[in-house]
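I opened the notebook to record what I looked up, residue by residue and then contact by contact. The entries follow the order in which I went through the chains.

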Amino acid sequence: MRRPPYPTVLKPYGRTLLDLARVDERIVCLSGDLTRQCEIDLFRDELPERFVNVGMAEANMIGIAGALARAGHVPFVHTFGVFATRRPFDQIVNAVAYPNLPVRIVGFMPGISSPGGPSHQAIEDVALMRALPNLTVIDAADATEIQQVVPAILDHPGPVYLRLKRGEIPVIFEEGYEFSMHRAQRLRTGGDAVIVANGMMLPSAIVATDILAATGIDCGLVHAPVVKPLDAATVVDAAAGVRAVVTAENHTIVGGLGSAVAEALAEAGSGARLRRVGLRDTFAEGALTAHHLFQTYDLTTQSIVDAVWGVLKPGGPAPVAPTSPAAVGEYSPV
Amino acid sequence: MDQKTESLAALADRIRLHAVRMVATHGLGYLGQALSSAEILATVYGRVYRPEVDRIVISPGHYVIGAFAAAAECGLLDPAALATYGHDGSRLEAIGTERSPSIDLTCGSLGQGLSAAVGFALSDRLLGRTDARTVVLVSDGELEEGQVWEAAMFAAHHGLGGIIALVDANNSQVDGPVAEITTIEPVADKWRAFGWHAQDVDGHDIQALESALDKAVRSDRPAVVTARTATTTGLDCLPSTIDGHFVKLPPKLAEQAVAELEARLA
């Protein structure tokens, strides 16, 4: 995998979905009035007969998607993650999750990547979707992964919630990366500590691992894009013998990746101490930029380094994470 | 009444009779819904709904009792299954579920069925099934849910003429008469304003329902028939003070109800 600053690409999701839909007529694309923002202007322009703009009516959109799935279509539903999960929660339960239908709910602009205030920040979407029977929940990290996630979920028999960064998408993984619906990615092994991350926190976790390694801490890294069902075996195996496990998620620490890892470790009887980096049971206010929010609410590379350091207590101050400037068209973690 | 209309009236009473027996084993249940929708369901199953081509959505899951009874009468469900209604382990749960037989979709969480009907109609359009109809039963209380109107706007905007909605306007919800809780009138004008072909009829008048549904079938726009009903219609033995949402039916009253309906059907 690469190190930051990362090159970025635009619309890897939108292009992948369109490529699939060209050859698979089952795919129907639904938009909740956020078509360009969800990269599906590409679909709308080329396959308008299978593109449906439902407008600002998320409850109706989920109900329509459920019926389309019953009739044999594979509906991909698009809006911001916050509107995809909070507003139509009961509809997702009754029209999608309970009947276990192959609806793909794609929520963009995760966590505090939105400077739009708490109303626009999907900070508990993973927790909500993870709590529902039959749901598969995926928080993808980069363009390489996204291009593999979309075909991977196409024929999954049940519903999927896919959480995607909006805008410029970093390219973290090299050619040869293989996304799996069932396996977490053990990117690095380590005997002192292990970091478990996904989505927009993966770049920070990669840098934090490097910084800790440079101080002599043997720090492992697990990338867990599939939060549900979590690959508990890989997480537990990576945590065997280490003193610290640190999770990093662009989400509240209640009910998301950190909670899933905590459940897996506790059930396995792991003796490692756990620290969860993420929003600490708070809404996130006051931003023009996402960068500012990640710093203010302690979702940075430094936050991860400090969490590992705080458990291991190797002596002396924690190493300082370098700021990694990104030019236009590049992406670096905060 | 011509012979066809007469037979639909009898079908409505047979739906009532099944429903009385289904509820009687529990002593209480969703009998009011079956009584108010009996003529609606009889007309739909007897005249409009073609199981091999069309879809039927019972939006309020509490109404599946009537749909099961109608399906049993029309050969779509083994009548013996009705005896299991609402009992432990039965597929025929009192509030509809995914296992509910004979219908395409029902929603226990109210206000969601019209969106499903829209989804089915959209699918029919995508697949070129131009002749297919989606019949959806909606209750008046459900009109308080905003999602119904999201779906109504969408259906009209997209010209989904295959949708035929029936609103059972029985003026009954859990806390009392709908009119006392929220003013939903003028119901037909609301649908009309949303772009629907809308009619407002006596929901216990088979001829009026037949005529309205014939027009609804012919409409290029999504069509709605608001059927004015009551939760005690067709059973004179029921006291007028009953809770129409959840009727108490002790054994003696159940016997009277069965006798009344059997006498009328004889």
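This is a predicted model: local features need pLDDT of at least 70, side-chain atom pairs count only at pLDDT 80 or more; totals for chains, interfaces and linings use all residues.

I began with N100(A), which counts as partly exposed because it has 15 C-beta neighbours inside 10 Å; a residue is buried if 20 or more other C-beta atoms lie within 10 Å of its own, exposed if 12 or fewer, and partly exposed in between, with C-beta atoms placed from the backbone. I found N100(A) in the loop between α5 and β5 (104–108) of chain A, and I noted its positive phi of about 55 degrees although it is not a glycine.

Residues are numbered from 1 along each chain as its sequence is written, and chains are lettered from A and ligands numbered from 1 in the order in which they are written.

Next I looked up K11(A), where phi is near 55 degrees, a positive value in a residue other than glycine. For elements, I used DSSP runs numbered from the N terminus, with helices being H or I of at least four residues and strands being E of at least two.

I then turned to the cis peptide bonds. The bond from P4(A) to P5(A) is cis, with omega near 0 degrees, and P5(A) sits in the segment before β1 (6–10) of chain A. In chain B, the bond from E185(B) to P186(B) is cis with omega near -5 degrees, and P186(B) is in the loop between α6 (178–181) and α7 (187–193). I kept in mind that most residues other than glycine have a negative phi, and most peptide bonds are trans.

How many residues does each chain bring to the contact? I recorded 21 residues from chain A and 17 residues from chain B, where contact requires C-beta atoms, placed from the backbone, within 7 Å. On the chain A side, α3 (58–70) and α5 (89–97) each supply at least two residues, and the largest share, eight residues, comes from α3(A). By class, I noted 13 nonpolar, six polar and two charged residues on that side; Ala, Val, Leu, Ile, Met, Phe, Trp, Tyr, Cys and Pro count as nonpolar, Asp, Glu, Lys and Arg as charged, and the others, Gly among them, as polar.

In α5(A), I listed Q91(A), I92(A), N94(A), A95(A), V96(A) and A97(A) as buried. What covers them includes α3 of chain A, together with β3 (105–107) and α4 (113–126) of chain B.

Of its 203 residues, I195(A), V308(A) and V118(B) touch the most other members, and the largest share, ten residues, comes from helix α1 (residues 3–24) of chain B. Not counting residues up to four places away in sequence, V118(B) touches I64(A), A151(B), F154(B), A155(B), L160(B) and I163(B).

Note on methods
Two residues are in contact if their C-beta atoms, placed from the backbone, lie within 7 Å. A nonpolar core is a set of buried Ala, Val, Leu, Ile, Met, Phe, Trp, Tyr and Cys residues joined through C-beta atoms within 7 Å.
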